[in-house]
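Reader: Please show me the model, and then let us go through it in questions and answers.

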2 protein chains.
Amino acid sequence: MKQHRNTRQRRLILEAVCARSDHPTADQIYLDVRAVDKMISRGTVYRNLNILTHQGTLSHVKLPYTDRFECNTRPHYHLHCTECDAVSDVTVSYQSELDKKVEDHTGYRIERHRTIFEGICPECQKKKD
Amino acid sequence: MKQHRNTRQRRLILEAVCARSDHPTADQIYLDVRAVDKMISRGTVYRNLNILTHQGTLSHVKLPYTDRFECNTRPHYHLHCTECDAVSDVTVSYQSELDKKVEDHTGYRIERHRTIFEGICPECQKKKD
DNA sequence: ATGGGTGCAAAGTGTTTGCAAGTAT
DNA sequence: ATACTTGCAAACACTTTGCACCCAT
């Protein structure tokens, strides 16, 4: 296994993700870090987000087109506004018994499940009237 | 609203999706249709998959990198092998009460939720030994 | 006839990667 | 000293789009 180093860039990227609670995209993180370090490159941001996610330091929400990242690594569900693309955590608790159930039914070794609620946030509902 | 026509290409694309149960990607569908119609283009396949999905004639599974399509339009959950990328339907039944619950908690108007189980299929488990 | 649809190729997105130079350990 | 990282730019994979011609209605 590779030995990962504690580089300034990696630190800045991690801080940038944890500084927000809106599940930013890689590009938003790139822009945030760039405000501090003019030289950072997109490649570095993508590489480090992948490393940090693999390590389990960050987690990511798989959305169509772009993944979103967050500091909260406990298993939980997400809420996605299909109008404005806002993403937030949801209080409904993770149902680990479902993983067991599917494992027994299918013979898969289940690692986890991901649940994303799709809907329209209060602000966007207002705008549509 | 646009008036959609019943073109030969659209018919072939729909048939191609329904002929498989493995949740093919747009490109797999393109290849299948091409076996019948040498002239079909990728653009037409993408355009029609979007139209058919919007109409509710097909549904799609949102996976990172590529969407997958299927004929089954009833709400249901999916199973994704993270080794070989196989996708299948899962028997666990759709929990519509969760949508209600999240709606009450958050003020969102919830349309649906999507759940994808991630794990390793029996075949890939064998290969890893 | 008329407006949606098609094939084609080019343009878009978001992400990864090869390379030479730089740096944490 | 070693080998992981970086910035850069090019390459990638998937999808959308502008256009001129075509065809279902």
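**Strands, symmetry and DNA**

Author: In chain B, nine of the twelve residues of strand E5 (residues 109-120) are buried, so that the strand is mostly covered; buried means under 20% relative accessible area, exposed over 50% and partly exposed in between, with a 1.4 Å probe and protein chains only. Strands (E, at least two residues) and helices (H or I, at least four) are DSSP runs numbered from the N terminus. This is a predicted model, in which local features need pLDDT of at least 70 and side-chain atom pairs pLDDT 80 or more, while totals for chains, interfaces and linings use all residues. Residues are numbered from 1 along each chain as its sequence is written, chains are lettered from A and ligands numbered from 1 in the order in which they are written, and side-chain values use heavy atoms, without hydrogens and water.

Reader: Over how many bridges do E5 of chain A and E5(B) pair?

Author: Two strands pair if DSSP finds at least two bridges between them. Arg109(A) stands opposite Ile120(B) in E5(B). The two E5 strands run in the antiparallel sense, and the number of bridges is eleven.

Reader: In which sense do strand E3 of chain B and E5(B) pair, parallel or antiparallel?

Author: Cys81(B) stands opposite Gly119(B) in E5(B). Strand E3 of chain B (residues 78-81) and E5(B) share four bridges, and the sense is parallel.

Reader: What rotation superposes chain A on chain B?

Author: The copies are superposed by least squares on the C-alpha atoms of residues with pLDDT of at least 70 in both. The RMSD is 0.1 Å and the shift along the axis is 0.1 Å, with a rotation of 180°. The two copies are thus related as by a two-fold rotation axis.

Reader: Which C-alpha of chain A is nearest the axis?

Author: The distance from the axis is 2.2 Å, and the residue is Thr115(A).

Reader: Is His78(A) buried or exposed?

Author: His78(A) lies in strand E3 of chain A. Its contacts (heavy atoms within 4.5 Å) beyond four places in sequence include His23(A), Val61(A), Thr115(A) and Phe117(A). With a relative accessible area of 7%, His78(A) is buried.

Reader: With which side chain does that of His78(A) make a polar contact?

Author: A polar contact is a pair of N or O atoms within 3.5 Å; within protein, one must be able to donate a hydrogen and the other to accept it, and residues adjacent in sequence count only if both atoms are side-chain atoms. For His78(A) the distance is 3.2 Å, and the partner is Asp89(A).

Reader: Which element gives the largest share of the surface near DNA strand C?

Author: A residue is near a strand if one of its heavy atoms lies within 4 Å of it. There are 22 residues around DNA strand C, with Tyr46(A) and Arg5(B) among the closest. The largest share is four residues, and the element is H3(A).

Reader: Which element gives the largest share of the surface near DNA strand D?

Author: There are 23 residues around DNA strand D, with His4(A) and Tyr46(B) among those that come nearest. A base nitrogen of DNA strand D is 3.0 Å from an N or O atom in the side chain of Arg47(A). The largest share, again four residues, comes from H3(B).
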